Amino acid sequence: MAFRFRSVLTLFTVAVSAAASALNIVTTTEDLRSIAQYVGGSLVKVTSLVTGARDAHFIDAKPSFMAKVRSADLFIAVGLDLEIAWERAVIDGSGNSSARPGGARHLYASAGCIVLEKPTGAVSRAQGDIHPHGNPHVWLDPWNVRVMADNIAEKLASIDAQNAAKYRANASAFKQRLDEEMFGSSLVAKVGAAKLWAWERAGELNTQLRAAGLSGSLAGWAAKMEPLRGGAVITYHRSFSHFLNRFNIKLVGELEPKPGIPPTPGHLSSLVNSAKTSGVRIILQESFYPTQAAKSVASRVGAKVVIVPLGVGHDPAAKDYFSWMDVLVNRVAAALRG
Amino acid sequence: MTLHSIGLAHAIASILSAPFGAGSTQDPNPNTFNPQISLVGDFQLRARDSFGAEGEKAIFRELELGLAADADPFLRVEAYIALENEFEEEGDAEGHETKVDVEEAFGRYTNLGGGFTGKAGIIAGAIGRVNRNHRDQLWTLEYPFAVKEIFGEEGLRGPGLSLSYLAPTDRFIEFTVEALQPEEGPLFGESGFRKPVVVGRGRTFFDYTEDLSAQLGATVGTGPSAAGGDATFFGVDYTMKWQPGQKGRFASVEAEAYWYDTDGAGDGMGGFITTTYEVMPRWFLTGQYDFVDIPGADEQLTALSLGLTFRITEFQLWRAEWQRISMDSAEDRTLFTLQFQWLIGAHPAHKY
């Protein structure tokens, strides 16, 4: 009895000390929370400031965010001005100066990602509420998420050097699973993830698989989206560009005439003409935008409105990065197939 | 090995050797060290005034220039300088003139450690919530009378020092102590380095649900009275916001109340409650009830305002506001004013 009590006490003590010594990571979004949790494993405790289905660009700098950042060992934001309206106010209000951009405890996870739609030439708000560094919704491309996982692992390794190998191993395991979800575990085992990604990024995945006699081996997200390559969609806001680009689906236009500007009748009319010409079959939209404009265009074009989660936590089934991408891929694939 | 596979090998090698995480997400920019600059324009048209005050009916109410940048690794500097006009009132001796007003200009230390932050310079006092907002952040055309008639036309602002402490708790709990030298106002008289206006404030925050949150604060202050002797005040403020993720849905309730006591001019109180509801995307309906015992005047003022705001984007709005002002010593006054406000430059901060 005494032995059992001591064992329980020891387990309890170990659990409490592990929780106490876990690095406290605060992320701006739930996508980052999920990636950071995979990379940090049991060595970290991760909290996301933004929760639920909401636009990370339009968030108030809530004082409760400041309380969370005050004790953060690492603050992770997407960057590319996604959180420009509130990130700095939260960090400054927290008094945690090392979590300021450029500080030892701050990370923009999008560093090194493929960033689409970087404006060229003169940039002004006459172009709408644009992001001067490019489209910040980089997590919608699984390739970019590999980069983000590595960024997080390296930052954690710099903060907690004695566990650096563990963070890097966790990031590798995360990327391994990501590759398998993307291409199928059997194909990854046969060909190797690096080669598959190289083919994919060069736009030669199908050609190379056919040449290697592996046409039927593609599985995962890439296989589900494969029949849809070359399809055309409309979106509400320019949020899905990285996802559509990865799976070679054409973005015909947005319901917003310019980023951040609500749909206008004139713009929707011209969009209807483009949609008919391009054979648009679905209108992709985040759950937090009104659906009237999408329904109006859809009825005039003969397309479907598909509400999809923009990130982790935007749908009850989207609990982590993998389940979220499953929901997104399955919903888009089902809509385009139907 | 085919030519194609050699090219592919290079592609794979370049992908595998690509540095992950190197550099910044922001491109190098030749203007990197320039401060963030913003300019707010506020144009107002007084369409109706039941007092029939003569003078200009349309004014450029305010042109506010904002500058903000990190001075060095330790200090962030912000400055807000405004050119201001006011509607001319009947009997104004000075006539209509444009004033230059330094609304705020302070350096802020966020690296004091232990949860402490500090500010020095011209600052908006940490009393309530509205006092720290600039005019373009209000749901109404002007600050509530309860703030203007107790603390001054622009609220309690002036040169001073501020020290805040954020408690190391899961719930947000912050304490602030300030020493200010505001312009002489209705409540406080001439203050100085040896006899400043001292303010203490505590505030906390509640996330009731993902969509519903609130801030509760209490403020106490003391300083030299405008009527001689000392003046003290105590205030409470509560702000609740409903902000579901769905675009086009928003509601808020803001209430503040102040009790004051002066050696020379007796005691009194003032307060306001403001409610705002987004009736349809980008259209906001605001109602405000406002009352104050004017310090030293033995008179109470009450005001009721109704406003409709069309926020076209984050960078411009149109507003129509009807206001009825009642005072013990005068007839009721009714105003109807239109406002056009815009912002250029740095992206506006989304303060709570």
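Here's a quick briefing on the predicted complex above, from the overall picture down to a few local spots.

This is a predicted model, where local features need pLDDT of at least 70, side-chain atom pairs count only at pLDDT 80 or more, and totals for chains, interfaces and linings use all residues. Residues are numbered from 1 along each chain as its sequence is written, while chains are lettered from A and ligands numbered from 1 in the order in which they are written. The predictor gives the complex an ipTM of 0.88 and a pTM of 0.89.

**Confidence in chain B**

- Average pLDDT for chain B is 89, and 88% of the residues score at least 70; pLDDT is the predictor's confidence in each residue, from 0 to 100.
- Watch residues 1–25 of chain B: pLDDT stays under 50 there, and the model has 33 contacts beyond four places in sequence for that stretch. Two residues are in contact if their C-beta atoms, placed from the backbone, lie within 7 Å.

**Chain A overall**

- Chain A has 14 helices and eight strands; helices (H or I, at least four residues) and strands (E, at least two) are DSSP runs, numbered from the N terminus.
- Its radius of gyration is 22 Å, close to the 20 Å that the globule rule gives for 338 residues, so chain A is as compact as a globular protein of that length. Here the radius is taken over C-alpha atoms, and the globule rule is 2.2 Å times the number of residues to the power 0.38.
- Along its principal axes, the C-alpha trace of chain A spans about 75 × 55 × 45 Å.
- Of the 338 residues of chain A, 51% count as buried. Buried takes 20 or more other C-beta atoms within 10 Å of a residue's own, exposed is 12 or fewer, and partly exposed is in between, with C-beta atoms placed from the backbone.
- For contacts in chain A with a separation of 6 or more, 61% come from residues 24 or more positions apart.

**Where the chains meet**

- The contact takes 46 residues from chain A and 47 residues from chain B.
- On the chain A side, the elements giving two or more residues are H3 (63–70), H4 (87–94), H5 (142–159) and H8 (193–201). H3(A) supplies the largest share, five residues.

**Strand E3(A) and its partners**

- E3 (residues 74–77) of chain A is covered on both faces, with Leu74(A) and Ile76(A) buried on one side and Phe75(A) and Ala77(A) buried on the other.
- E1 (residues 23–27) of chain A runs parallel to E3(A), joined by three bridges, and Thr27(A) stands opposite Ile76(A).
- E3(A) also pairs in the parallel sense with E4 (residues 106–108) of chain A over three bridges; pairing takes at least two bridges found by DSSP. Ile76(A) stands opposite Leu107(A) in E4(A).

**Helix H2(A)**

- In H2 (residues 30–40) of chain A, 11 of the 11 residues are buried, so the helix is largely enclosed by the rest of the structure.
- The buried set includes charged-type names such as Glu30(A), Asp31(A) and Arg33(A).
- Its cover includes E1, E2 (44–48), E3, H5, H6 (164–183) and H14 (321–337) of chain A.
- Just after H2(A), Gly41(A) takes a positive phi of about 60°.

**Gly128(A)**

- Gly128(A) sits in the loop between E4 and H5 of chain A and is partly exposed, with 15 other C-beta atoms within 10 Å.
- Leaving aside neighbours within four places in sequence, Gly128(A) is in contact with Lys258(A), Pro259(A), Gly260(A) and Ile261(A).
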